Amino acid sequence: MTFKNTLSPSLLRVAERETKLVLAELVGIKAVVIASVDGFDVASASTDNVDPVRIAAMASSIAAIGSVVAHEAALGAPTNIMINSTMGFVQVFNVDRPDVQLIVNIVSDSSGVLAQVAYRGRLMAKSLQSA
């Protein structure tokens with residue numbers, strides 16, 4: 001049995017739909033990857049040669065580090081993490097569900113608009129929470 005088989009069909013449908021919508025709606029997006037906190041790829045869409053399995057695994061580590069830092073600094077539960085680079089950025093959003101914890105990863109080149117990605121990523125996280 002694979003990890004995806006443990007998730008509800010409605011969650012998987014929303015995850016697949018949301019990854020494709022974000023990719024189509026926003027400028028500069030290279031990949032949208034939804035992963036478990038354990039690093040398993042749940043759903044993904046990309047316009048570039050991006051390996052969703054590798055992104056899912058790395059995002060799991062990034063989310064874990066962010067959680068520890070927020071906890072140590074007494075900042076509460078983290079909602080998202082941003083990584084800026086010379087050619088773009090990545091935003092990682094936590095999705096808290098009673099049945100599974102997910103991570104949304106949105107990878108953008110430098111033409112992407114940070115505020116649009118932040119807004120759409122939060123909407124996506126809410127959609128996944130209620131699916």
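**Arg120 and its partner.** I started with the side chain of Arg120, which makes a polar contact with the side chain of Glu18 at 2.9 Å. I am working from a predicted model here. Next I looked up where Arg120 sits, and I found it in helix H3, residues 114–130. Buried or exposed, I wondered about Arg120? Arg120 counts as buried, because its relative accessible area is 9% and the cut-off for buried is under 20%. I then listed what Arg120 touches beyond its neighbours up to four places away in sequence: Glu18, Leu21, Val22, Glu25 and Leu26.

**H1 against H3.** I turned to the helix pair. Helix H1 covers residues 9–25, and its axis comes within 10 Å of that of H3. The two axes cross at roughly 165°, so H1 runs roughly antiparallel to H3. I noted the crossing as right-handed. Which residues make this contact? From H1 I wrote down Leu11, Val14, Ala15, Glu18, Thr19, Leu21, Val22 and Glu25. From H3 I wrote down Arg120, Met124, Ser127 and Leu128. I sorted the residues of this contact into seven nonpolar, two polar and three charged. Glu18 and Arg120, my opening pair, are both on the contact list.

**A look at Ser67.** Last, I went to helix H2, residues 52–72, where Ser67 has its place. Ser67 is partly exposed, with a relative accessible area of 34%.

Note on methods:
Residues are numbered from 1 along each chain as its sequence is written. This is a predicted model: local features need pLDDT of at least 70, side-chain atom pairs count only at pLDDT 80 or more; totals for chains, interfaces and linings use all residues. Side-chain values use heavy atoms; hydrogens and water are left out. Helices (H or I, at least four residues) and strands (E, at least two) are DSSP runs, numbered from the N terminus. Buried means under 20% relative accessible area, exposed over 50%, partly exposed in between (1.4 Å probe, protein chains only). A polar contact is a pair of N or O atoms within 3.5 Å; within protein, one must be able to donate a hydrogen and the other to accept it, and residues adjacent in sequence count only if both atoms are side-chain atoms. Contact means heavy atoms within 4.5 Å. Axes are lines fitted to C-alpha atoms, for helices over the stretch in contact, and angles run from 0 to 180 degrees between N-to-C directions. Angles under 35 degrees count as roughly parallel, over 145 as roughly antiparallel, 65 to 115 as roughly perpendicular and the rest as oblique. A crossing is left-handed if the near helix is turned anticlockwise from the far one by less than a right angle, and right-handed if clockwise. Ala, Val, Leu, Ile, Met, Phe, Trp, Tyr, Cys and Pro count as nonpolar, Asp, Glu, Lys and Arg as charged, and the others, Gly among them, as polar.
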